[in-house]
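Subject: Structure handover

Hello,

Here is the structure I promised to pass on. Please open it alongside this note.

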Amino acid sequence: MAVESSSRAASGGFDVDSLERWLNTFRGPLIGLLASWGRNWRDAEEFAADAFAEAWIARSRFLGDPHDVEAVGAWLRGIAFRLHSASQRNAAVRRAEPLDRVEPAEAAVEADERSDVLAAALAKLKPAQQTILRMHYLEQTNVREVAALLGVTVKAAEERLYQARKELRELAQRELRRRGHGGRS
Amino acid sequence: MSEEPNVELTSEDDLRALLAPHRPDPRAFETKVKARIAERVARGDTERAEPSRLVRWAASVLPPDVGCALLAKKAGLATTLVLPALILASSFGAFVASKRSIERSSRDAEPPTAPEPKWNARPPTLNRDLVRSGRWLTLLRYGSLLTMIAPALVGGAHAIDITVGLLLGAMGVLALSVRGLASAGLMRRGTLASMCCGLLTTVFVACFIWTRGMNAADPTSRLGASLRSSLMLVGIAGCALVMLRERSANKGRIAFLIGWCVVVFALFVPAWTPARPAQLASYLSSFEADTGELRGWDEADYAGEALLAIGEPLPNLEHMRRAVEHAIEAGDECHPTVWTTAARLDLVDAAHWKTLAERKMEAYALDQLLSGIGPLRKPRYNEYELWMLLATRPTTPEQRAKLAERVEANWPREPAYGMLRHAQQCVRWWALLDRQDRIDAHRADLHELLERHWVSGKRLSLFATIGGFTSDPTKFYTSFDDDTWIGVDLLARVGIPPGIDPWLLRGHVRGEADRGLVPWAPTDLSIDSVATLLRLEREIGVPRRDALETLLGERALIATCLTLLLCIVAIRAGTSRAELEAAGLDVDTPR
């Protein structure tokens, strides 16, 4: 594959493993981040794929250590933001390609009341809290990687995550009461 | 994660279940990313395509700056080399053709027997050439409009070529007028001088009088717009003196014309005063240093920093030191800019830093620096906090490393207003923390940032002042003085990226440095530009130009000289009053 041949010529500690490591580390939080910037989940996945491809193609510009989570996180975030901004500027947004896997149909999504309540509560959270929950829980990624992508310290990310879960709990209980249930979620 | 035991949180399982439908398949995602990379590699869309063989060959034989521009693909071959060369060649061609035409007209001229027309009056007999030259002259008058909109037509970097084009037109008008005068029997030296005077005045008003305020001033010229304008005014005054000698106008009118030249020279011709460190030293020495006022402290900072950067000694700043120390001792609440300027100019000793650090708010600020978390975002004027910290509290390498990390977390990653200033502040803090490695790591980012914020003039914009740096390239495509200072400060630290033309930058800064009414005594308005210019010229250094580049850069000056030379040729082609009197011809010149 071309990516393998091109990677052999790469310098600065890059190899195919670097790409796979980046994918495994940042895939979930980056998709979550893009989803928080107003993308639907499908578009967010496409943009994340574009961002990884761009980061790999332009890796000669990356002067940091490819193993340094914070440096790579900031780099990926910048690329994702540029792609996102550019697509917003252009009227014609790149059409999403069909995925290799079968996307679960909306109707097939577990539609029990518990999820409904949680989804409604999530939508009422502050944007920053929604962002961190999406980034962290989409693939249960480490807080360190989430913090690196957000450009904040691990401590700040943990605090934000804690507050988000606490707030979500309260909102969910309120939502349940509104629907006529007095129980705890 | 720090969860308080008594507070119930949403279950993690619930959250994972909520987002499960959106979870990507890792293998499919990886395949997709690799397919996209392979697709881009296959179509040659790599990080930076190699220049073509032809371009690489051209770059190897061309002068260094031109070659670099070609390789950097920041300018096309046409705009880099061909257009200026074509325009320069046209100037020489127009001069030679016009000179031949004037000489031919002179040879074939009727004896100047017709009475010389009145000053500024139409000749009694208008032949076809005189009518046509009059129309062309009218068109030239509208050239001023053309020079004003030139930046929008061809971009600011090539606006000067519009001026050169107008000078070529003036040469043509001159040749046509001489032919017309020759046919009408009016080849008197006085008449020709009067005609040249009118033509030069028209061209000056159309093209040159604006150069002080307009953006069309030649930014790449070594000698600048001032010499061109000065030569033009000398030419007009010279024509007036010929008219005086030939008695083709009375003394009052000649005096008025020369007076006009003097006034225009004083008010409109850009001064040509090279920036000198003495200007900055003089500004600092005379600075009032009122710590209760914000005015002037930034400028004093620019002046002092520039002197330090170019290795010049600071003047005696005892008055500033006393003012700052008094403010600290008296407990005055000064604007942080005062402290920051004082810190950068080394006006505060350890004892006074200690006194300042004992103030409640300052002590809190220092505590926050050491124990705070998260991105460390401080405005420019709060830089003194770091100076104060380093002067008053022993910091461990770990604390310094943590501070550097917090600055790193504050690095501007998303396009926003003031991104350049933001980046400069990070760089300054790293420099104070002795973390050159951080600055080096961001060198490529800084180059990209600098290129993005540089107003190159390649974008067509009517009101853009090109050559400097802007605070926000998406909103303001024009140069700002403080952003240009920041840009030059960063260039001094990380070098000049290939997309920035130091000559164009210097041309812009030099124009700004001459902005004061008395250029050799810069004011608050121009001191920052004088400081910027000195740093650019003496700290960074503008690369030397070879003969070809110099020639192309001075094309407007060359065209001006050729136009003046043609005027001299035309006047000399006429018959002087003395010659007519010696020949006993009618020399009656009614006025």
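Below is what was found in it, part by part.

This is a predicted model: local features need pLDDT of at least 70, side-chain atom pairs count only at pLDDT 80 or more, and totals for chains, interfaces and linings use all residues. Residues are numbered from 1 along each chain as its sequence is written, while chains are lettered from A and ligands numbered from 1 in the order in which they are written.

Chain A
Chain A has eight helices and zero strands. Helices (H or I, at least four residues) and strands (E, at least two) are DSSP runs, numbered from the N terminus. Of the 185 residues in chain A, 39% are buried. A residue is buried if 20 or more other C-beta atoms lie within 10 Å of its own, exposed if 12 or fewer, and partly exposed in between; C-beta atoms are placed from the backbone.

Look at helix H6 (residues 127–137) of chain A. It is largely enclosed by the rest of the structure, because eight of its eleven residues are buried. Among them are A:Arg134, A:His136 and A:Tyr137.

Helix H20 of chain B
This helix covers residues 419–432. Its 14 residues should span 20 Å at 1.5 Å a residue, and its end C-alpha atoms are 20 Å apart, which agrees. The expected span is 1.5 Å times one less than the number of residues. Ten of the 14 residues of H20(B) are buried, including B:Trp429 and B:Trp430. The buried residues pack against helices H18, H19, H21, H22 and H23 of chain B. B:Asp434 follows H20(B) and has a positive phi, near 60°.

Nonpolar cores
A nonpolar core is a set of buried Ala, Val, Leu, Ile, Met, Phe, Trp, Tyr and Cys residues joined through C-beta atoms within 7 Å. The largest has 66 residues. B:Ala342 and B:Val530 are among those with the most contacts inside it. A second, separate core has 60 residues, including B:Phe204 and B:Cys567.

B:Ser106
B:Ser106 lies in helix H5 (residues 77–107) of chain B. Why does B:Ser106 count as partly exposed? Because it has 19 C-beta neighbours inside 10 Å. Not counting residues up to four places away in sequence, B:Ser106 touches B:Ala182, B:Met187 and B:Ala573. Two residues are in contact if their C-beta atoms, placed from the backbone, lie within 7 Å. B:Ser106 and B:Leu181 are 75 residues apart in sequence, yet 9.6 Å apart in space, C-alpha to C-alpha.

Best wishes
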